[in-house]
Amino acid sequence: MKQTLTLLAIVIFALGTPNDTSAKPKQNSKPRPFKAQFSTEFFNAAFDPATFFFTTVVIGDGKATHLGKCSFAAEHTFAFTTPSQTEGMAWNGTMQLGASNGDILNATYVGDIVLSGDSEVPFLLLFTVTFDGGTGRFTHATGSAEVIGLTTIEPDPSNGLFKGASEFTFDGTLAY
């Protein structure tokens with residue numbers, strides 16, 4: 001009887017001990033190059049006249065190392081707090097890159113939009129992305145990338161604000 005209880009205690013302990021390695025960060029994940037190109041469209045989703053903050057939704061697709069062909073979804077806020085066209089506007093937001101197998105790579109970003117000097121594509125996007133987890137193989141992803149892009153902005157009659165399109169590239173590292 002004592003041997004049966006001992007064996008039962010060992011089995012209960014073994015079954016009750018979490019053995020889920022996905023709950024722990026990978027010890028061997030090394031930063032690898034991360035490059036991506038995206039084409040997106042955006043629209044202004046909200047405007048707060050009290051703070052002069054705009055909230056913009058961005059959707060699109062592209063290709064990225066470690067994801068292949070993927071979707072792009074982001075939301076950011078900014079304010080026209082610097083009316084000088086040479087100073088640009090600071091903005092920040094969150095994004096999700098979705099791989100075709102369903103894995104999601106999450107990120108936050110901060111950056112500026114300034115005049116590009118090109119009348120066809122008048123604004124230059126400069127921002128830094130910080131990767132911070134996700135789903136599937138990106139659960140514990142870390143890394144960062146510098147992003148540069150060009151964007152157009154035009155009035156949006158549907159909401160009285162604005163909309164536009166952007167093309168940009170990422171260059172950085174990703175560990176997962």
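Predicted model: local features only at pLDDT ≥ 70, side-chain atom pairs only at ≥ 80, totals over all residues.
Arginine 32 sits over the face of tyrosine 176, 4.2 Å from the ring centre.

**Phenylalanine 38 and phenylalanine 72**
- These two rings make a tilted aromatic pair, at 5.1 Å centre to centre and with 50° between the planes.
- The pair links distant parts of the chain, as phenylalanine 38 belongs to strand 1 (residues 32-48) and phenylalanine 72 to strand 3 (residues 68-79), 34 residues apart.
- Both phenylalanine 38 and phenylalanine 72 are buried.

**Phenylalanine 54 and phenylalanine 162**
- With ring centres 5.5 Å apart and planes at 50°, phenylalanine 54 and phenylalanine 162 form a tilted pair.
- Phenylalanine 54 is in strand 2 (residues 53-64) and phenylalanine 162 in strand 8 (residues 161-175), so this pair ties together parts 108 residues apart in sequence.
- Phenylalanine 54 counts as buried because its relative accessibility is 6%.
- Phenylalanine 162 is buried too, its relative accessible area being 11%.

**An aromatic cluster**
- Phe38 and Phe72 turn up again in one aromatic cluster, together with Phe34, Trp91, Tyr109, Phe127, Phe131, Phe168 and Phe170.

**Histidine 140**
- You will find histidine 140 in the loop between strand 6 (123-134) and strand 7 (142-156).
- Its relative accessibility is 29%, so histidine 140 counts as partly exposed.

Definitions and conventions
Residues numbered from 1 in each chain as written. Heavy atoms only, no water. Helix = DSSP H or I, 4+ residues; strand = E, 2+ residues; numbered from the N terminus. Buried < 20%, exposed > 50% of the residue type's maximum accessible area, 1.4 Å probe, protein only. Phe/Tyr/Trp six-rings, centres within 6.5 Å; stacked < 30°, edge-to-face > 60°. Lys NZ or Arg CZ within 6 Å of the ring centre and 35° of its normal.
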